[in-house]
Amino acid sequence: MLSQELRGQVQYVDVLIIGAGPAGMAAAIAAREAGVENLLVLERENDMGGILRQCIHNGFGLHRFKEELTGPEYAQRDIDRVKELGIEVRCGTTVLSVDGERFVTAVSRDRGVQLFEAGAIVLAMGCRERPRGALATPGTRCAGVFSAGTAQKFVNLEGYMPGKRVVILGSGDIGLIMARRMTLQGAKVLACVELMPYSSGLNRNIVQCLQDYDIPLMLSHTVIDIQGRERLSGVTVAQVDDRRQPIPGTEKHFDCDTLLLSVGLIPENELSQQAGVEMSPLTQGAVVDDSLQTSKEGIFACGNVLHVHDLVDFVSAESFKAGKAAADYVQGKARKGAYIALKDGDGVRGVVPQRLLKPEGEAQSVQVMFRPAGVYENATLCVMDGDREILRQRKRILTPGEMAELTLKPEQIAALSGADVTVCVKQ
Amino acid sequence: MKKDIIIIGGGVVGCAVARLLSRYEADVALLEGASDVAEGASKANSGIVHAGFDAKPGTLKAKLNVEGARMYPALCAEVDAPYGQPGAMVLAFAEEERAHIRTLYDQGVANGVEGLRVIEREEILSLEPNVNPDVVCALLAPTSGITSPYELTCALADQAAVNGVDFLLDTFVQSVRAGGAGYLLETTRGPMEARIVVNCAGVDSARLHNQLCPQKLLTIIPRKGEYYLLDHTKPLVFSMTMFQTPTKMGKGVLVSPTVHGNLLLGPSAIDVEDGTAVETTAEALKLVADAARKTWPGESLRGVITTFAGIRAHETNGDFVIGAVEGAPGAYETVGIESPGLTSAPAIAQMLAEQIAKENNLSEKAEWKPAPRREKPFYAMTLEERVAIVQKDPGYGTLVCRCEEVTEAEIRAAIRRPVGARTIDAVKRRTRAGMGRCQGGFCSPRVLEILSEELGIDPTEVTKCGGDSRLLVGTIAEAARKGGA
């Protein structure tokens, strides 16, 4: 219970957005454009833009703006729009708690502890990198082992080099981008080592960041030992079998002073869990309906905190929807209807949304996103309404490294029987 | 450099001895080879304050374990270190192990441990629902506690330092021999001289003993223990420390909550040659995971945030060696301080400090300053306390470590402590910044920047743990000028 004094400090906000990265900014723009005046964005960093600020390479915006931008350029377009719309953004402000009743506490240096009650909340906290500790890679705990994004921050934002001879574990996009970045900065990148038989990064990054610089991509390999007392002195890499266990006799040693890890991104959902939002073990994000509302009424989620995207363009698109939905909710325009479960079938992992609303009124089209569970060539994507096939699409290639999507048309939604809907891959 | 007393080793024992010797009129220095206190066994152990049923009655281990455990609650309150008393169980999974549980019970009673009970399956499962239902019986030890060994060590060091003990870090003792006013030491910071030396060098203590007492050599076999640390959860998976029936290599693999609500699995017990080799191995980690699953069949390693290894200083005769060094007047030692060494540390320090004071006619100081008070950690504060502290000190308004909720003010305070943090790891031990699930991914650049500001050094000079463990090798401008490595 709040003391009388603290209760007096609670500020009411119609829509409160947590995070001013690409997701939070898009949600804020959409909410303001939908007419929400009392709108507030909280951002823990000192500037808007999120992780885009340190992504100084190009390749952003091809879908959304039809041109190729760097991360900071892409972010600036949203920052400009946020400013143009006069949206209040409090930077340097970390949210400490969120509860299911949408009571929020936050803290900043200049304003101290701040208390909010929100009509709707948009969770847009992004994701973090999986650290070395979570892999339990054997060896010493020396300096020189960084997650790729931490190294990227040192190089691109702080202007420091974390090392000179580099091995990269994991072929996630940040790892691939950093292979090129470190090379351009004069470091020697010896290899990019990937546990799986395929890369989890975008193909264009494999070509432009590894192949163009003759950096070997070692698929089905992993780091089995990390050496060095104080600073990293080397790593041992081995090939793995189809159960991902190292194969004795395939060990290869690399002398290096730096190991960069690009071994997965984890949606940063501590606040969502505090709020009691139902979580998906597959996406590690919230379970949402097709308006991006979580299991807690009035709490929405979008961007990488919901599920890890490949492209920021899709983060923005999803987040515009979430911001609009949050506006609809506080304006009493939320749709009503019956929920139908949307589930992963064979070959599909982590569909979003996990719930479809079959509305009482007019139905809208729904975009469904997911990751293929493996690599499939010339496969067929199917959507099943119970036992009935309602959609079929040919796909030349499906890989876990690239998010797949399909769209259910309004008439398909309107015709749903009420049975569970399943998305699956048929070979 | 010339001192009345030189203590060698800044682990929990050395710092506890330093704290108690700081009560006396003497010029005391503590030498530590690493860049911080608690860099050896004291930072990598189970953090258990053992009730005292393990050690054979009549041994020094048994006596000091029980005495030490009794001292813990008051000591931790006095120096402001974390302590909890969740209790412990030793689990038996077969009727054959029942006899062993009984032996532990009898030993515990003989050692003076209070509240011990042998409990049966139903009661075990009602107290700890996640335990393996194949459990047969268990020894319940309600006085078993937990602490944060490195935070305790830092707190003991701080009180010693405010009472005049000189902490010389990065000072490795190469040799010690009789001479001068008492003893002459060769160190990596040059020669030193002291009337009294106290060997608290942990895994390295037998080497120094053998220099002081060549007529009666001691042998320490470094025994490595590897652990998994899991993220904190609410509710806890286990509320008590869960031991299995012990083996001759030690107490076996435990599953225990930490004082911060994390879950600890381990340790393995493998004898190694090199007492500084704290790398983890795939084999030992697998052994730990497999053994812990016997206690916790629902084991999930998804929550693992790190793995680590520590070294036990196992002396081959099996008991602690504490007191005056034979044939070396003015030299004292604590050798073979393995488990229950952390538990015994307060009692070891008391026993040794009293002996040193008495034999050398040290007189007590008129004033002994209390341990410096620190603010409660931000993560542990109520909303009201948070509101108040940020009003008082805006540095609390900037969260640096989001996983463990550590603020900029706390990081600066840790660097400014009497025995202050000078490395990324030292900040982590004192504040928990970087101790969480992202393992410093977000906060390490900021912690590095604060260390550089506070210590007045270039960012490229900031290290993870001293020596050459620098995080950064240069600026990108330099790298561009050199045109490559």
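Predicted model: local features only at pLDDT ≥ 70, side-chain atom pairs only at ≥ 80, totals over all residues.
1. Strand β21 of chain A has two partners. With strand β28 (residues 421-426) of chain A, β21(A) pairs in the parallel sense over three bridges; two strands count as paired if DSSP finds at least two bridges between them. Helices (H or I, at least four residues) and strands (E, at least two) are DSSP runs, numbered from the N terminus.

2. Residues are numbered from 1 along each chain as its sequence is written, chains are lettered from A and ligands numbered from 1 in the order in which they are written, and side-chain values use heavy atoms, with hydrogens and water left out.

3. The pairings of β21(A) belong to an open sheet of five strands in chain A, with the order β23-β21-β28-β25-β26 and mixed pairing. Its edge strands are β23 and β26 (388-398) of chain A, each of which pairs on one side only. On average, neighbouring strands of this sheet are turned by 25° against each other, direction ignored; the axes are lines fitted to C-alpha atoms, for helices over the stretch in contact, and angles run from 0 to 180 degrees between N-to-C directions. Strand β25 (residues 376-385) of chain A is joined to β26(A) by nine bridges, and the two run antiparallel. Within that pair, Met384(A) stands opposite Glu389(A) in β26(A).

4. Chain A also holds an open sheet of three strands, in the order β15-β16-β17, with antiparallel pairing. Strands β15 (221-227) and β17 (252-255) of chain A are the edges, each pairing on one side only. The twist from one strand to the next averages 25°. Four bridges link strand β16 (residues 234-239) of chain A to β17(A) in the antiparallel sense, and Val235(A) has Phe254(A) as its bridge partner in β17(A).

5. Lys188(A) lies in strand β13 (residues 188-193) of chain A. With a relative accessible area of 47%, Lys188(A) is partly exposed; buried means under 20% relative accessible area, exposed over 50%, and partly exposed in between (1.4 Å probe, protein chains only). Not counting residues up to four places away in sequence, Lys188(A) touches Lys164(A), Arg165(A) and Val166(A), where contact means heavy atoms within 4.5 Å. The C-alpha atoms of Lys188(A) and Pro22(A), 166 residues apart along the chain, are separated by 32 Å.

6. How many disulfides does the structure hold over all chains? There are zero, a disulfide being a pair of cysteine sulfur atoms within 2.5 Å. Cys192(A) is in no disulfide, and the nearest cysteine sulfur, that of Cys209(A), is 9.9 Å away. Cys192(A) counts as buried because its relative accessibility is 0%. Cys302(A) is likewise in no disulfide, with the nearest cysteine sulfur, that of Cys127(A), 13 Å away. Cys302(A) also counts as buried, at 0% relative accessibility.

7. The contact between the chains takes 53 residues from chain A and 58 residues from chain B. About 4500 Å² is buried between chain A and chain B, of which carbon and sulfur atoms give 59%; buried area is the accessible area (1.4 Å probe) that two parts lose on being put together, summed over both. In chain A, the residues that lose the most area to chain B are Arg109(A), Arg141(A) and Tyr160(A), together 16% of what that side buries.

8. Arg386(B) lies in helix α9 (residues 383-392) of chain B and counts as buried, at 9% relative accessibility. Leaving aside neighbours within four places in sequence, Arg386(B) is in contact with Leu96(A) and Val113(A) of chain A, and with Phe378(B), Tyr379(B), Met381(B) and Glu405(B) of chain B. A polar atom of the Arg386(B) side chain lies 3.1 Å from the backbone oxygen of Phe378(B).

9. Glu67(B) is placed in helix α2 (residues 60-79) of chain B and counts as partly exposed, at 30% relative accessibility. The C-alpha atoms of Glu67(B) and Pro346(B) are separated by 8.3 Å, although the two residues are 279 residues apart along the chain.

Notes:
Polar contact = N/O pair within 3.5 Å; in protein donor to acceptor, adjacent residues only side chain to side chain.
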